[in-house]
Protein chains: 2
Amino acid sequence: MGFPETFKALSDPVRREILVMLKDGKMSAGEIGKRFDMTGATISYHLSQLKKAGLIFETKYKNFIYYEINISVFEEVMLWFSQFGGKENDKKN
Amino acid sequence: MGFPETFKALSDPVRREILVMLKDGKMSAGEIGKRFDMTGATISYHLSQLKKAGLIFETKYKNFIYYEINISVFEEVMLWFSQFGGKENDKKN
DNA sequence: ATTCTATTTAGAGATATTTCTAAATAGTAA
DNA sequence: TTACTATTTAGAAATATCTCTAAATAGAAT
C-alpha cells in the first residue's frame with residue numbers, strides 16, 4: 001500500500017491491460033489469464049502486484065477467485081496528478 | 001513517447017519527486033540534483049527518462065539546461081485514468 | 001587558447017522485475 | 001475418501017533498472 005507500490009504496479013503493460021479488462025466488472029483469475037499468452041502463474045504474480053498496490057481486491061466463490069477494481073485508489077492517484085494543474089476539471093467545490 | 005514509457009517514468013520515486021519540484025516552474029539540472037543525495041550522473045539519467053516519456057522538456061541558457069513540466073502529457077495520463085470512472089462519473093455498483 | 005562550470009555519456013556492478021516450470025494449496029465434486 | 005479444478009507459491013533464469021566512477025561535451029569566462 002502506498003504510492004510507490006501503486007505507481008510500480010501501474011508501470012507494467014500487462015497489469016494496465018488487466019485493469020482495463022476489469023473496468024466493466026469482476027473476473028476470475030482464470031478468465032483474465034485466458035486473454036494473455038502467459039502461464040497462470042505469471043498472471044497470478046501480476047494480480048498479486050495489483051492487489052498489493054490496492055488497485056484491485058479479491059472475493060472468493062466456490063474455487064474461483066474474482067478480482068475487481070478498487071476505485072478509491074484510482075482516485076488517490078488522480079489526486080496526485082491534479083497537483084500539476086492542467087485542465088481545471090478536477091476542482092474541489 | 002507513448003504510454004509504456006510514461007508510466008515507467010512515473011514508477012520511480014526520485015522521478016516523481018523531480019516532477020513535484022518542477023510543478024512551480026523550471027529548474028536547472030544542477031538545482032534539481034542539489035536536493036538529492038545522488039550524483040549528477042544519476043540525476044541526469046532520471047531526467048533523460050522523464051524527457052523520453054514526454055513528461056518534461058528542456059531549454060538551454062548559457063551553460064545551464066533548464067527542465068520544465070509538459071502539462072499535455074499529464075493530461076493524457078489523466079484521460080487514461082478517467083476510463084475507470086471514480087468520483088466525477090459517480091458510477092454506482 | 002586555456003581553464004572552469006554544468007551536464008551528459010559510457011561502462012560496470014548491484015538490485016529488482018518478469019517470466020517460466022514444477023510443486024503446493026484449497027475448495028468442489030464424485 | 002479420491003480425483004479434479006482453480007489458483008498460488010517456490011525457485012531459477014533472463015532481462016531491465018538504478019546507481020556509481022570516470023571520461024566526454026559544450027559553453028562561459030579569463
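Which helix gives the largest share of the surface near DNA strand C? That share, six residues, comes from α4(B). A residue is near a strand when its C-beta atom, placed from the backbone, lies within 6 Å of it. Helices here are DSSP runs of H or I with at least four residues, strands are runs of E with at least two, and both are numbered from the N terminus.

Before going on, some housekeeping. This is a predicted model: local features need pLDDT of at least 70, side-chain atom pairs count only at pLDDT 80 or more, and totals for chains, interfaces and linings use all residues. Residues are numbered from 1 along each chain as its sequence is written, while chains are lettered from A and ligands numbered from 1 in the order in which they are written.

Chain A, then. Chain A has five helices and three strands, and from the N terminus on they run α-α-β-α-α-β-β-α. Its C-alpha atoms fill a box of roughly 45 × 25 × 20 Å along the principal axes. Of its 93 residues, 22% count as buried. Buried means 20 or more other C-beta atoms within 10 Å of the residue's own, exposed means 12 or fewer, and partly exposed is in between, with C-beta atoms placed from the backbone. Of the contacts in chain A with a separation of 6 or more, 51% are between residues 24 or more positions apart. A contact is two C-beta atoms, placed from the backbone, within 7 Å.

Now the sheets. Chain A has an open sheet of three strands in the order β1-β3-β2, paired antiparallel. Because β1 (27-28) and β2 (56-61) of chain A stand at the edges with a single partner strand each, one side of each is left without a neighbour in the sheet. Two strands pair if DSSP finds at least two bridges between them; β2(A) and β3(A) have six. Among the bridge partners, A:I56 goes with A:I69, and A:Y61 goes with A:F64. The two strands form a hairpin with two residues between them, and A:K62 in the turn has a positive phi of about 55 degrees.

Chain B also has an open antiparallel sheet of three strands, in the order β1-β3-β2. Six bridges join β2(B) to β3(B), and B:T59 has B:Y66 as its bridge partner.

Next, the core. A nonpolar core is a set of buried Ala, Val, Leu, Ile, Met, Phe, Trp, Tyr and Cys residues joined through C-beta atoms within 7 Å. The largest one has 33 residues, and A:L55 and B:L55 touch the most other members. Elements giving two or more residues to this core are α1 (3-10), α2 (13-22), β3 (64-69) and α5 (71-82), from chain A and from chain B. Leaving out residues up to four places away in sequence, A:L55 touches A:T6, A:A9, A:L19, A:L50, A:I69, A:N70 and A:V73.

How many residues of chain B are in contact with chain A? There are 20, and they meet 20 residues of chain A. On chain B, α1, α2 and α5 each supply at least two residues of that side, and α5(B) gives the most, with six. By class, the chain B side has eleven nonpolar, four polar and five charged residues. For these classes, Ala, Val, Leu, Ile, Met, Phe, Trp, Tyr, Cys and Pro count as nonpolar, Asp, Glu, Lys and Arg as charged, and the others, Gly among them, as polar.

DNA strand D is surrounded by 23 residues, and the closest are A:S28, A:G30, A:A41, A:S44 and B:A41. Here α4(A) supplies the largest share, six residues.

Last, the helix α4(A) itself. It has 13 residues and reaches 18 Å from its first C-alpha to its last, close to the 18 Å expected at 1.5 Å a residue, the expected span being 1.5 Å times one less than the number of residues. After α4(A) comes A:G54, with a positive phi near 80 degrees.
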